[in-house]
Structure formats: structure tokens, C-alpha cells
Amino acid sequence: MTSDAAIPSRGGLLPTTPPADAVLPERNPNAPAPGQPIPSHYTRCFVCGDDHDAGLRLEVIAGEGLSLTGSFTVSEHHQGAPGLAHGGLLTAAFDDALGSLNWLLSAPAVTGRLETDFRRPVPVGSTLHIRAEVVGVKGRKVFTKAVGRLGSADGPVALTAAALFIQVPIEHFTSNGRPEDVAKAREDRAVRRSVENLEVNP
Ligand SMILES: CCCCC/C=C\C/C=C\C/C=C\C/C=C\CCCC(=O)SCCNC(=O)CCNC(=O)[C@H](O)C(C)(C)COP(=O)(O)OP(=O)(O)OC[C@H]1O[C@@H](n2cnc3c(N)ncnc32)[C@H](O)[C@@H]1OP(=O)(O)O
């Protein structure tokens, strides 16, 4: 038996539902055009980086408005149960895909809350197709949702997810990251591209 105080809770309703006065801003004119890739933000990112042997290598394409699609193929490195993708790892894929929506707003943000509903098992070797969109913005809060389908963009629904991102200044990353990684990241081609796209000075 644990006391409630041991695990702090915000309480109340789930915070990923946009309030009635949330707005849908214009897509930033500097964001990748619909159909164009939204590049990785960091080559060492476990989900979208290409410098990671066991990484998911999620590929993301900008959609119309404040939407995108993404896909990755589940490898043997990604197992939880034998031959099935680990649920936490699938959640990581949604974290990154939903987080990539912030590129369409050209504002850096971090995940405040992420909810994932697992509806169907995802076998090793299958490709998960994600569609994600911004559903509202209020102040620094960006409300998002996504669906993941098996095998094709109109395949069976395997997961749905929703997340709340909080916009942060770039100092969130430069001040909190392990200093040697932050120093190296200044040379990272993906980070440099991100920082240019975000129109911020690291
Ligand atoms: C040269 C080097 C550069 C390096 C940078 C390189 C690349 C970086 C560029 C971009 C990267 C961006 C995205 C990457 C894409 C995908 C990756 C996946 C994203 C992640 O994987 S990211 C990791 C996990 N993430 C965290 O590591 C966050 C830890 N956390 C905090 O750092 C703070 O907690 C923070 C900042 C979230 C808030 O702190 P804060 O002090 O700024 O703001 P505050 O608390 O006042 O909240 C303001 C309003 O948000 C509400 N609110 C806040 N948190 C909430 C929650 N959890 N649930 C519900 N509501 C929440 C409040 O209730 C209030 O709401 P209201 O305004 O209505 O009162």
C-alpha cells in the first residue's frame, strides 16, 4: 500500500483536451511544405536520429495545415514480448511524431503529458503509419492527437495518442542537457538545421 503523497498528481480531468478558447494558429511560413520531410532534430535522438544502431528511425512528412505523417518499421531491437513491439517504445514514437508538430509552429516545445491507448499488438517487422495533428493552442500549451495504423496509412488502428506540449525557450535545452552533449550538439547537423528552422539562437 503506497500513500498518494508518494506519487504527486495534478488531479482533475485529463489535460490533453484543448479548452474551448484554444485556437488553431496559421502554419509557420518557414515550415516544410506539405509532402516535404520534417527532418530529425538531433542525429542521436533514439526515435528520429540516424546515428543510433537500435533507434526507431522514424521518418516524418509534413501534411496540410498543422498535420503530419510518420512511419517506422519495428525491428528485433524494439521487442517487449517476444516478436511484439514494446509499448513504451511505441509511446516514444508518438512522443517524437507529436513533438514534430511543433516544427509546423516553429516554436520549441517539450512534452508535458502524453497519453497512449494500445488497441492492437504491433509485431516485429510491421510498419507503423502515424498521422498526427495539432488540435489547439492556448498560450504556451500545444494540444495534439495522433493515430497509428498497421501496414499502411489506412490499415487497422493499432494505437491512438494525445499529448500536451509546453513551449519553452531554447535555453531549456542548453541549460538542462548534459554539458558535453550540448557542446557536441552545437556541431550536430540536425540540431543546427532545427535551430535555423526554429529561428532561435542557441
Ligand atoms: C545548441 C544546442 C541546442 C539543443 C537543442 C536541440 C534541439 C532541440 C530543438 C527542438 C526539440 C523539440 C522537440 C523535439 C521533438 C520531439 C522530442 C519529444 C519531446 C520530448 O520528449 S521532451 C522530453 C520530455 N519532457 C520534459 O522533459 C519536460 C520536463 N518538464 C519541464 O521542463 C517543465 O515542467 C515544463 C517546461 C514542461 C513546464 O514548466 P514551466 O515552469 O516552463 O511552465 P509551468 O509549470 O508554469 O506550466 C505552463 C503551463 O503548462 C501546464 N503544464 C505544465 N506541465 C504540465 C503537465 N505535465 N501536465 C499538464 N499541464 C502542464 C501548467 O499547468 C501551465 O498551465 P497554465 O498556463 O494553464 O497554468
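Colleague: Which residue in β2 does V60 stand opposite?

Modeller: V60 faces G70 in β2. Do keep in mind that this is a predicted model.

Colleague: How do you know that β1 and β2 count as paired?

Modeller: Two strands need at least two bridges between them to pair. Four bridges join β1 to β2, so the pair meets that cut-off. The two strands run antiparallel.

Colleague: What makes β2 and β4 a pair?

Modeller: Seven bridges join β2, residues 67–73, to β4, residues 127–138. The cut-off is at least two bridges, so these strands are paired as well. They run antiparallel, and the bridge partner of F72 in β4 is L128.

Colleague: And how many bridges join β4 to β5?

Modeller: There are 10 bridges between β4 and β5 (residues 141–150), again with the strands antiparallel. In β5, F143 is the bridge partner of G136. The hairpin of β4 and β5 has two residues between the strands, and there G139 takes a positive phi near 60 degrees.

Colleague: In what order do the strands lie in the sheet?

Modeller: Six strands form an open sheet in the order β1-β2-β4-β5-β6-β3, with antiparallel pairing.

Colleague: Why are β1 and β3 called edge strands?

Modeller: Each of them pairs on one side only. On average, neighbouring strands of this sheet are turned by 20 degrees against each other, direction ignored.

Colleague: What packs on the sheet?

Modeller: That is helix α1, residues 87–100. This helix touches β1, β2, β3, β4, β5 and β6, and its direction makes about 135 degrees with that of β3.

Colleague: Where is R57 found, and what is its phi?

Modeller: R57 lies in the segment before β1. Its phi is positive, about 55 degrees, although R57 is not a glycine.

Colleague: Why is R57 called partly exposed?

Modeller: R57 has 17 other C-beta atoms within 10 Å.

Colleague: What about S106: where is its place?

Modeller: S106 sits in the loop between α2 (102–105) and β3 (109–118). S106 is not a glycine either, yet has a positive phi of about 55 degrees.

Colleague: And what makes S106 partly exposed?

Modeller: S106 has 15 C-beta neighbours inside 10 Å. That count lies between 12 and 20, so S106 is partly exposed.

Notes
Residues are numbered from 1 along each chain as its sequence is written. This is a predicted model: local features need pLDDT of at least 70, side-chain atom pairs count only at pLDDT 80 or more; totals for chains, interfaces and linings use all residues. Axes are lines fitted to C-alpha atoms, for helices over the stretch in contact, and angles run from 0 to 180 degrees between N-to-C directions. Two residues are in contact if their C-beta atoms, placed from the backbone, lie within 7 Å.
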